[in-house]
Amino acid sequence: MFGFGRAKALAAVSALAIGLTTGAAQAADTIKVGILHSLSGTMAISETTLKDVMLMLIDDQNKKGGLLGKQLEAVVVDPASNWPLFAEKARELIEVNGTSVVFGCWTSVSRKSVLPVFEELNSMLFYPVQYEGEESSRNVFYTGAAPNQQAIPAVDYLMKTESVKRWVLAGTDYVYPRTTNKILESYLKAKGVPAEDIMINYTPFGHADWQTIVADIKKFGSAGKKTAVVSTINGDANVPFYKELGNQGIKAEDIPVVAFSVGEEELAGIDTGPLVGHLAAWNYFMSIDTPENDAFISKWHAFIGNEDRVTNDPMEAHYIGFKMWVQAVQQAGTTDVDAVRQAMYGQKVPNLTGGVAVMNTNHHLSKPVVIGEIQDDGQIQTVWSTDGVVVGDAWSDFIPESAKLTADWTFPWVCGGCEKPMY
Amino acid sequence: MIARLLALMIALCCGLPALAADPDDLPGLIEQLQTRDYAAMEQTVNTIAATGDPRAVAPLQALADGDLYYRKSDDKVFIARKADSGTDLLDPLTGEFVENVGRRDARKIGINNGMRRALRGALGSLTLLSPDPKVRAAAAQSLFKSPDPGAIEALGQAIAAEKDEAIRTAMEEAQAASILLSDSDDATKIVAIQSLADRGGRDALSLLKGLPDSATEPVKAAALEGVKSIEAALALWSTAQNIYYGISLGSVLLMAAIGLAITFGVMGVINMAHGEMVMLGAYTTYVVQEIIRNNAPGMFEFSLAIAVPLAFLVSGSIGVLIERTVIRYLYGRALETLLATWGVSLIIQQLVRTIFGPTNKEVGNPDFMSGAVQLGEMTLTYNRIWIIVFALVVLAMLMLVLKRTPLGLQMRAVTQNRRMAGAMGIRTDRVDALTFGLGSGIAGMAGVALSQIDNVSPNLGQSYIIDSFMVVVFGGVCNLWGTLVGAFSLGIANKFLEPYAGAVLGKILVLVAIILFIQKRPRGLFALKGRAVES
Amino acid sequence: MRGLVFRAFDRGGMIFLGILFGAIMLLALSNLVLPAGHTLHAPTYLVSLIGKYLTYALLALSVDLIWGFCGILSLGHGAFFALGGYAMGMYLMRQIGDRGVYGNAELPDFMVFLNYSELPWYWHGFDMFWFAAIMIIFVPGLLAFIFGWFAFRSRVTGVYLSIITQAMTYALMLAFFRNNMGFGGNNGLTDFKDLLGFDLQNDGTRVGLLFASATALGLGFLICKAVTRSKYGKVITAIRDAESRTRFLGYRVDRYKLAVFTLSACMAGVAGALYVPQVGIINPSEFTPANSIEVVVWVAVGGRGTLYGAVIGAILVNYAKTYLTGALPEIWLFALGGLFVFVTLFLPRGIVGAINGSGDGGPSPILAKLRSWRDARAMEGRS
Amino acid sequence: MNASLNTSMADSILYLDGVNVSFDGFRALNDLSLVLDAGEMRAIIGPNGAGKTTMMDIITGKTRPDSGQVVFEGNVDLTKHDEAAIAELGIGRKFQKPTVFETQSVHDNLELALKADRSVRASLLWMLSNDANRRIDEILGITRLGDHANEIAGSLSHGQKQWLEIGMLLAQDPKLLLVDEPAAGMTDDETAETARLLKEIAESHSVVVVEHDMTFVRDLGVKVTVLHEGSVLAEGSLDSVSADKRVIEVYLGR
């Protein structure tokens, strides 16, 4: 009977060993595109969609005849919402699978985790999510919004249109909200808002019981001055937060909440009836009526096979990033990272929301900013937008240490954060 | 209001075309609502409100609800109604059916928050004299929230005509709020302030604190008095509010933990898949609501009542399945059940992710679960109230099952002395399966409740599993009273620490307190003493 | 003392060390000596991957020492691992010096960013490697000592102990997530440059770290071997099997447990410290209870109560994870979950136990399992 | 306080006076008083729930009394010590259900029990000396386990486990032995053999034996204490207590 157990165990071991050798075999006649998004764990909820949209874009490109006469091949891995695993998987994609470019990451920490890998191996990452800025790596293109493309326009809007005088900055306790709030605090103070009219509150990830904090917001809002909440609450915590807001009867007409991490995808999990009028600031809304967007949405629905699926801002970011990369590769005539990088600068792709996105030499995009109000069907309807595009800042002007720094990867700077040019 | 006056002045100076309209031409005014210029739109709304024409209520209400559309072909304004295919367009004033158009042929007239406020005021003043007392009460509420000196006169008329005591008071308060912002004399304002101070509450406080700087000294002094008295009342209520929050958090913990008190507490299975049972319950609610939405939208109010037994069955039968296929081989090896159920939880999570997709699913709150009731200065949200009730009812029913039914008796017999119970003819394996199924089923019912306040995603269960274990261990296993007291004391402790220490530190402190408490009472709050537990 | 040392080098121990260092040596040579295109060239990817596995193996060893031998099931051992990792991370952060983005020689970037005017007191000394090295062992050891002192003295055992270890790591996780703690919050510590002057992105440094991990694992193995084969080891095994009997023999069970628990925490801390420079990041998610549970699963899969079982389990499960997240990204959790269920049901003594048969007098593998269950059925049916 | 008890406290090995314990309202021991002279062997009998095992728990420090005195060797207050300390003072205990270290060898079981420094440090550095080996062999001989020395204790028969446990008690070399139902589950031959062994041990140790088996108690031929509902019902020779009406009523008669 022991023999049986042993045979089983050995069989299991050898099965795994065979797995390794077959995994290593690879074909060389395709261009490999790595997709580094969590498909399990806490971040799967947001990132899986991005994996799907990448598969759609790659599929689409292949139907158009691929790139440089070769087919594109998507290499999907699951970093499982585990940050060190992101680094491991990034290395696997580049070293083992030989990907020419990687599209991936959602959280800042996952990007921070893979950054040294991309820099060491001189590979290329497209990062599609709005983030805190304060970074410009030679090997990363940031296609999401920087704080000056989201937070500042939103606050300006509230000040102007809603005459907001008192501010609650509520966020999840991690670097993106901290940075955004730091920038906003200094911006508001510069605009003459006294310190007692700013309330800053941080909550842990996945915070589920918002009763006390919503009550605090109500209390803060009853000081006779128009009050607004700037929410950098992240991910899962938003649903219970908005449910509590709705149930405690905080109406957008009285205390509007403007969010930077809540898009159509997050709202899909909430009955938005009581939330009508609360705001979101992004570079993209699904409801924006342009031919490009209509085409994108129909393509997405056809690809995913579900008419109810929504589109959101990071999906547009991947769309723009992927198009730019394709154009840059075509221009450079190679997938060589250094050549493609040079070709990326000044690359133009029409936004889904109208206008044209441009890749700047600080690796951030120029994009329009739109502010929208939540509707009862879970869509966000534009109430305000910038006239033209806004240039993404790698370094905020409202943080003294970073205001000095410049990010510019072309001659004579060639630097992600310097006070003077390298050459 | 100042902004609105300012807009009016600017509009007057610049002679915007909107003003050129004849105030008596209601249909013409309605057509002017079709604009992207919110300042102009607001102006039009005010003009419409000033007509006092009750026919204007329907289009304005439609605008506020997002049901006012314009036809793309000729920009004409209609009230839209969803039809089986496309959209029905109705005449904005008469409500008569005009035609059915394709979904993309008519577009919604978008509004913003400023517009919503303006509409609230306009609708308020238009409906003050409505024959329906509910509408009148709502109108008074709206005007209180959007005070407007222009409405003082209308309010005066309404007050004079109002028979209902409560509505009249509300109207008087709304009038007082408007007076504060008007240029009335000081004496009138001070009376208004007193009326607001008597009303109390955060809204009144906000109004008094927001007194314009132009107010005279006596008015300011009166307002300060009012603020003081309201704040004193609020401070008293805040303790009560905190206790309520604590109880409400406790009931969530209780809900999440009761099932575990059976599978872990009674059976000794370290059930790491407990959270997934909760999650399955929440998904059952989602599926029930989806079916209702697609087939019988009228039944939506009953969706939860339908979901509760179904969730019990779904999670319960999956529980039985897990017990039959995995756990029954592991009795007496508590720590190994942890490993196996951990594996099971991974599988269930991924299964749900594969079937339903990784994104959040929308589970709606039926009307009785939405909104809040105001008890003094406490806001009690309905969903929390029902969860408290639900948790207690489930606990009570479970106790009845354990104490009064043959299954409960057999269950206790098997947990106390398996061999003896078997010898007496109890089919222990069946009892085991049913017990595990019962615990899992209750977890599924908890999922229905939690779907009302939290995300419905594959990760739902993970966020409750640790708290559930803490509650059961803190209360003492094998004891449902312990679970009850444990859940509520942890909930209340958490909520009392939160204002001082913040949400994170508060939680850390509670965890540390549990660790220290277990040192004092290694077997929890309500542990059995003596020799029986040693074995 | 000599006895203690000698006991460690039995035949099994020598074979283990031989295989371990042989394999590592081959890997290092193939990575450093062979040219990149060569078929037998080991990519750097593999070097850091194996290095990471070895630190996991050391962590698994530390859990096996207390669980397999002393019956203390810690669901919070990831906390000690993470604390060791943070101590190393703090040293690495200080080594960055003025090469950070804000160019502050004294303060790490995240502190500049969060407006710290000076280094918090607990960050002092971490610019010196020897100090960091002491802290790597001392901090997890101290926490384990304090926690264990309370818990074992109060005779918190079994499931209760497991749950409060889970509470401990959960509380630490929440604490480290707080930006105000001064450990970089959710982003943790990252962007390391060099260790003892060696560039962390250099292949040579990677191989060096691989050797360091192998040495630490080898040492850990020898220490565990020495401890478990001494009379002390017999006492803790006795505690595992019959705690109160041991007490009635006059052994102070709490002290024995405390000693082994602290030792195990120190080992976990060392594992964490070696893990951090190889993966390049330390973040509060290392404290999540799920991580700690996974370590227990590695040990269970490999075979608890046998030291090399823990090592094999850690490497095997992590390899499976690496492989499956790449090869079957959509469904790998089914495979992993299924593996855990399978092992618990059919290989209660783990893979090593299944191969060795009922070495420890423990229950037998699959067939016997099924047979005994069938017999039990039959008996029940008759009665 | 009982005067006669008081006088004998100084030369007693074990002295219990007025001990009360209750669990969740159930009084397990009710004003129990008992004195054991040095070198004495005493048999304790009583029906289930009479408090025999609880009394042992009190003596060995497992349970703390609610009130009452528990004194060892006339001057050591046992209520102030825990199990390990009491064991080190020289009180050994054998459980009702044989409790040996099942995954370790018979030899290791005895080695663990062998009288030695119990500190962590000492156990780490401990090397099996010749003396110790000799003593273990000796005990193996006494308990007739010599052939099984390297077997895993878990594989022993029930009776062998009982003997191993008694052997472990001997290895501990205590001044006072508490033996709970040593003959339970044994064959008649084994029972007689166990009685012989205990008598041999009693020559050099004080012993308290709890037993149900009357034949076995008769074989021991020592003073008997009858417990009932947590207190002493009768004390004396087996014959005299057997004749006691109350004893017959609560125990023997039924």
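Is Arg99(C) buried, partly exposed or exposed? Arg99(C) is partly exposed, with a relative accessible area of 41%. The legends below come back to this residue and visit other parts of this predicted model.

**View 1. A salt bridge joins Arg99(C) and Asp194(C).** The closest N and O atoms of the two side chains are 3.3 Å apart. Arg99(C) sits in the loop between helices H4 (77-96) and H5 (109-113) of chain C, while Asp194(C) belongs to strand E2 (residues 194-195), so the pair ties together parts 95 residues apart in sequence. Asp194(C), at 13% relative accessibility, counts as buried.

**View 2. Glu235(D) meets Lys223(D) in a salt bridge.** Here the N to O distance is 3.9 Å. Strand E10 (residues 231-236) of chain D holds Glu235(D) and strand E9 (residues 223-228) holds Lys223(D), so this pair links parts 12 residues apart in sequence. Glu235(D) is partly exposed, at 38%, and Lys223(D) is partly exposed too, at 37%.

View 3. Arg293(B) is partly exposed with a relative accessible area of 30%, and Glu290(B) is partly exposed with 25%.

**View 4. A network of salt bridges includes residues of chains A and C.** Its members are Arg91(A), Glu95(A), Glu120(A), Asp203(C) and Arg206(C). Over all chains, the count of salt bridges comes to 67.

**View 5. Helix H6 of chain A is mostly covered.** Of its 16 residues, 12 are buried, among them Tyr176(A), Arg178(A), Ile183(A) and Leu188(A). After the helix comes Gly192(A), with a positive phi near 90°.

**View 6. Chains B and C build a nonpolar surface patch of about 1000 Å².** Val512(B), Leu516(B) and Trp130(C) are among its residues. Helix H6 (129-153) of chain C gives the largest share, eight residues. Trp149(C), another member of the patch, lies in that helix and is partly exposed at 38% relative accessibility.

**View 7. Chain D is divided into two domains.** Domain 1 covers 1-90 + 175-254, and domain 2 covers 98-173. Their centres, taken over C-alpha atoms, are 26 Å apart. Where they meet, 18 residues of domain 1 are in contact with 12 residues of domain 2.

Definitions and conventions:
Residues numbered from 1 in each chain as written. Chains lettered and ligands numbered in written order. Predicted model: local features only at pLDDT ≥ 70, side-chain atom pairs only at ≥ 80, totals over all residues. Heavy atoms only, no water. Buried < 20%, exposed > 50% of the residue type's maximum accessible area, 1.4 Å probe, protein only. Helix = DSSP H or I, 4+ residues; strand = E, 2+ residues; numbered from the N terminus. Patch = residues over 30% accessible without salt bridge, like charges linked within 9 Å, V, L, I, M, F, W, Y side chains within 5 Å. Areas by Shrake-Rupley, 256 points an atom, 1.4 Å probe, with all protein chains shown as cover. Salt bridge = Lys/Arg side-chain N within 4 Å of Asp/Glu carboxyl O. Domains from an automatic or database assignment. Contact = heavy atoms within 4.5 Å.
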